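Good morning, colleagues. Please look first at the sequence and the structure.

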Amino acid sequence: MTSLDIIGTFSIMGSNQDANENWYKGKLDLSLDQNNRIIAKWTINGNQEQFGTGFFKNNILVIQFNYKDIEDKNHKGIVVYKCLNKNILEGFWSEELGNPNYLGIENCFRIRNKSTRSAGILL
């Protein structure tokens, strides 16, 4: 696979970096910048946005991310995805202010648009 193969929109499901395994859902949009670096934008639970940049090699995607919480406090972290194929990413993550005894987990599933399905093309 190449970085072009994983560009697109994914549905995500994950759990936070804590003992309570607080689950969340959302969307991940992956694109490329002019230097072929990965640009990521997450929308968590419909309202929280997170942003990141990263790289792809040997079916591994690594992204440094950041976001502001409701109190306008900055959070930074890193997520690592194993790309099982171009439609499924399996990952884990950690942020600097999270509980260091735990890792968050996140799984991503490609969202296919109607025109792609009706044309019989699989991404």
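Predicted model: local features only at pLDDT ≥ 70, side-chain atom pairs only at ≥ 80, totals over all residues.

I begin with Lys27, which forms a salt bridge with Asp29, their closest N and O atoms lying 3.9 Å apart. By salt bridge I mean a side-chain nitrogen of Lys or Arg within 4 Å of a carboxyl oxygen of Asp or Glu.

Residues are numbered from 1 along each chain as its sequence is written, and side-chain values use heavy atoms, with hydrogens and water left out.

How accessible are the two partners, Lys27 and Asp29? Lys27 is partly exposed, at a relative accessible area of 37%, and Asp29 is likewise partly exposed, at 24%. In these terms, buried means under 20% relative accessible area, exposed means over 50%, and partly exposed lies in between (1.4 Å probe, protein chains only).

How many salt bridges does a search of the whole structure find? The search gives four. One of them joins the side chains of Glu49 and Lys41, at 3.2 Å from N to O. Glu49 is partly exposed, with 37% relative accessibility, and Lys41 is partly exposed too, with 31%.

Another links Lys68 to Asp72, with an N to O distance of 3.8 Å. Here Lys68 is partly exposed, at 47%, whereas Asp72 counts as exposed, at 53%.

Thank you for your attention.
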